[in-house]
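Visitor: Please show me the structure, and then let us go through it by question and answer.

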Number of protein chains: 2
Amino acid sequence: MTAPHPRLSINQATIKHTTAAQAIEVTRAAGIGAIGLWREQVQEAGLDETAKMLADSGLRYSTHCRGGWFTAEEGPGRVAALDDNRRAIDETAVLAAAGAEGSRPVLVLVVGGLPEGSRDLLGARERVRDAVGQLAPYAAERGVTLALEPLHPMYASDRSVLSTLDQALDIAADFAPETVGVTIDTFHLWWDPDVIEGIERAGAEGRIATYQVCDWKTPLEADNLLSRHYPGDGMIDFADMTRAVEATGYDGDIEVELLNQAIWDTEPAEAVRRTIAGFDVAVAPYLRA
Amino acid sequence: MTAPHPRLSINQATIKHTTAAQAIEVTRAAGIGAIGLWREQVQEAGLDETAKMLADSGLRYSTHCRGGWFTAEEGPGRVAALDDNRRAIDETAVLAAAGAEGSRPVLVLVVGGLPEGSRDLLGARERVRDAVGQLAPYAAERGVTLALEPLHPMYASDRSVLSTLDQALDIAADFAPETVGVTIDTFHLWWDPDVIEGIERAGAEGRIATYQVCDWKTPLEADNLLSRHYPGDGMIDFADMTRAVEATGYDGDIEVELLNQAIWDTEPAEAVRRTIAGFDVAVAPYLRA
């Protein structure tokens with residue numbers, strides 16, 4: 001078995017049924033250099049305790065997952081969502097500071113879909129812009145980058161009214177690049193005829209906060225949220241997108257985030273092993289180092 | 001019960017479990033003015049017999065469904081696919097000539113996904129361009145319009161490597177507008193931040209061959225192909241897209257094509273009745289007449 005690629009990071013969603021302690025341990029034990037954790041597990045373990053475990057592990061922190069879900073109209077729900085995002089920003093700052101050198105204070109944002117009963121897609125998109133405007137100063141003060149993630153258009157009504165890189169970049173454009181960037185995830189963007197131009201634009205504007213690799217395979221699972229596969233197991237050719245990201249100068253960690261019941265049913269150490277192998281075959285050949 | 005809108009057309013997929021004779025009869029009996037049939041049922045009934053039934057019914061023929069599926073690489077499969085598309089062009093010409101005044105000789109094209117085992121999305125898209133180039137002279141001679149249909153990006157690997165209106169228009173641009181146009185279907189395009197500009201472009205270039213309305217609702221069905229809903233039953237706001245199509249001067253029939261098991265399990269006459277009602281509420285208010 002080869003050593004893991006030095007830029008590979010495990011996103012905890014890939015090994016969902018782990019505590020923060022277990023996720024950190026299985027990642028470290030596999031010789032991987034970086035990890036991104038999910039808020040639920042961090043909160044269960046406690047933020048300070050997680051920061052301590054992370055520091056002890058020697059792992060870099062690649063992203064914090066996740067904020068967003070702020071397309072609700074004015075009212076208590078919206079206020080609560082923005083408050084929760086401020087807590088997520090705080091968590092991101094603490095964990096990135098606890099991680100090894102090269103950690104990135106990046107909070108991934110899945111912005112949310114249409115509010116219940118609404119058909120106002122443009123209004124929801126405007127409320128995303130408004131929410132980012134409200135959160136950006138708070139993030140900037142704490143040195144955190146908000147990473148807007150365009151999701152596949154099949155999630156446009158229920159998870160993300162942002163579907164393309166250009167939409168995310170158009171919102172980010174109002175803010176400093178170190179405060180608002182984008183998440184580039186192959187699963188969500190591979191179909192887009194403009195994806196390479198979008199990556200080039202994101203690079204030129206200094207907005208690539210994180211790069212995530214994940215494969216697409218049809219038929220999709222009955223629950224389409226769980227249709228994400230190990231790199232190399234599906235239909236995505238990672239060459240062009242990965243080379244385009246590399247060409248921008250992005251040199252951060254590259255996360256593998258797999259929501260998939262069969263993978264969740266696998267022993268975490270085995271899922272990590274398969275992630276290492278898939279990354280080596282399907283992604284690593286297109287990286288500088 | 002109100003009379004059906006004069007521009008409403010029933011696509012046979014909405015009443016899938018009908019013969020051509022039954023589909024024509026249930027549509028005519030409901031007072032609807034136009035129909036689009038599927039090739040399987042036309043071939044079962046026989047082309048000449050279907051043309052005769054159509055002429056007797058007084059219905060307009062709005063589209064023929066469907067051709068395409070020509071992303072295969074060079075070889076017998078590709079030759080067979082192109083031959084089959086020539087037959088579909090012949091059928092389209094015969095049926096549109098048999099339909100009442102206002103019939104449109106439009107063959108809808110679902111181009112196909114990635115060939116088995118392939119990850120070459122750009123290559124598949126180029127083979128679409130090549131196939132259209134091979135078929136266009138044949139269609140032009142018979143006065144048939146090939147209507148490239150961009151499908152929702154969730155079908156990019158298995159049904160259509162064309163996902164956006166701009167992609168379809170970029171291919172169509174090499175040909176005369178009366179020979180190669182586009183199918184605009186709300187279900188496939190509603191999420192696209194550029195959809196209104198795409199419709200305006202399609203109109204300016206004279207490429208709108210047909211407009212189809214169909215609603216989107218999440219959660220999607222386990223088989224995402226069958227997630228299409230009566231207009232008004234889902235999350236699409238039909239106002240902006242319909243107004244944009246109208247503003248181009250498009251004055252043809254507007255089809256409702258619903259692939260949905262629950263609708264297929266409904267009596268065809270009842271499915272047609274519900275289609276009329278949904279169209280009246282969700283689409284008709286944005287039409288000139």
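Visitor: What pLDDT does chain A average?
Guide: pLDDT is the predictor's confidence in each residue, from 0 to 100. In chain A, 99% of the residues score at least 70. This is a predicted model, in which local features need pLDDT of at least 70, side-chain atom pairs count only at pLDDT 80 or more, and totals for chains, interfaces and linings use all residues. Residues are numbered from 1 along each chain as its sequence is written, while chains are lettered from A and ligands numbered from 1 in the order in which they are written. The average for chain A is a pLDDT of 97.

Visitor: Which strands form the closed barrel of chain A?
Guide: Strands (E, at least two residues) and helices (H or I, at least four) are DSSP runs numbered from the N terminus, and two strands pair if DSSP finds at least two bridges between them. S1 (residues 8-11) and S2 (residues 34-38) of chain A run parallel and are joined by three bridges. The barrel has eight strands with parallel pairing, in the order S1-S2-S3-S4-S5-S6-S7-S10.

Visitor: Is B:Leu169 buried or exposed?
Guide: B:Leu169 lies in helix H6 (residues 165-172) of chain B. A residue is buried if 20 or more other C-beta atoms, placed from the backbone, lie within 10 Å of its own, exposed if 12 or fewer, and partly exposed in between. Because B:Leu169 has 20 other C-beta atoms within 10 Å, B:Leu169 is buried.

Visitor: Which residues does B:Leu169 contact, leaving aside neighbours within four places in sequence?
Guide: Contact means that the C-beta atoms, placed from the backbone, lie within 7 Å. The C-alpha atoms of B:Leu169 and B:Gly181 are separated by 7.5 Å, though the two are twelve residues apart along the chain. The contacts of B:Leu169 are B:Val182, B:Arg201, B:Ala202, B:Glu205 and B:Arg207.

Visitor: What is phi of A:Trp69?
Guide: A:Trp69 lies in the loop between S3 and H4 of chain A. A:Trp69 counts as partly exposed because 18 C-beta neighbours lie inside 10 Å. Most residues other than glycine have a negative phi. For A:Trp69 phi is positive, near 55 degrees.

Visitor: Where is the cis peptide bond with omega of about -5 degrees?
Guide: Most peptide bonds are trans. The bond joins B:Cys65 and B:Arg66.

Definitions and conventions: Contact = placed C-beta atoms within 7 Å.
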